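Trainee: I have a model open and would like to talk it through with you. Shall we begin with the side chains?

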Amino acid sequence: MSSPPAPPPVPPANHGTSTRPYLIRALHDWCTDNGFTPYIAVYVDASVQVPLEYVKNNEIVLNVGFEATTALKLGNDWIEFKARFGGSSRDIVVPVDHVIAIYARENGQGMAFPVPTEAAPMPPAAAPPEGRPTALRLASDESTPAEAATPSPAADGAAAGDGKPPPPEPQPPSGPRPALKRIK
């Protein structure tokens, strides 16, 4: 007699915690140990507490070096610190899963992370202009933004019968795309 077939392997219920906070702390330590200034790029939505006047395209870049921050806490769930913006001290609170990059200001070395998939709606004051990309792209990425990001004439109120013609669509910049060049 043959034995019954073995049941298929069952994946573990707990896949472990995210590696993102550990990598952020490691790269922060690497930057400070080597005399570099650690910067983080943050995807901004309603769950992020940053000065909204400095947010562009739902992103903000923050200096998280010890010289620029007070009471810096690089936790597993949150990054918290105080920093000065325009001469006034502000409390900064960033969910770790909203950090989309950490890198050294001086040489650009670091690591990028995926943009969070479940983002809370943005406050109206800091919402990006329509049709603008909201994700980081590498300078070597030659792809263009999707055509679907362009608002349709019906979406801008022209179809509401207000009698005004729709505004002209902005033209993309001409010429080659700018790129960073490393000089040694």
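Trainee: Which residue's side chain does a polar contact of 3.2 Å join to that of Glu106?
Mentor: That is Arg105, where a polar contact is a pair of N or O atoms within 3.5 Å, one able to donate a hydrogen and the other to accept it within protein, and residues adjacent in sequence count only if both atoms are side-chain atoms. Bear in mind that this is a predicted model, in which local features need pLDDT of at least 70 and side-chain atom pairs count only at pLDDT 80 or more, while totals for chains, interfaces and linings use all residues. Residues are numbered from 1 along each chain as its sequence is written, and side-chain values use heavy atoms, with hydrogens and water left out.

Trainee: What else does Glu106 touch, not counting residues up to four places away in sequence?
Mentor: Glu106 touches Gly35, Phe36 and Thr37, contact meaning heavy atoms within 4.5 Å, and a polar contact of 2.8 Å joins its side chain to that of Thr37.

Trainee: Is Glu106 buried, partly exposed or exposed?
Mentor: Glu106 has a relative accessible area of 38%, so it counts as partly exposed, the class between buried (under 20%) and exposed (over 50%), with a 1.4 Å probe and protein chains only.

Trainee: Changing topic, how do β3 and β4 pair?
Mentor: They pair in the antiparallel sense over three bridges, pairing requiring that DSSP finds at least two bridges between two strands, and strands being DSSP runs (E, at least two residues) numbered from the N terminus. β3 and β4 form a hairpin with three residues between them, and Lys73 stands opposite Glu80 in β4.

Technical notes: Helix = DSSP H or I, 4+ residues; strand = E, 2+ residues; numbered from the N terminus.
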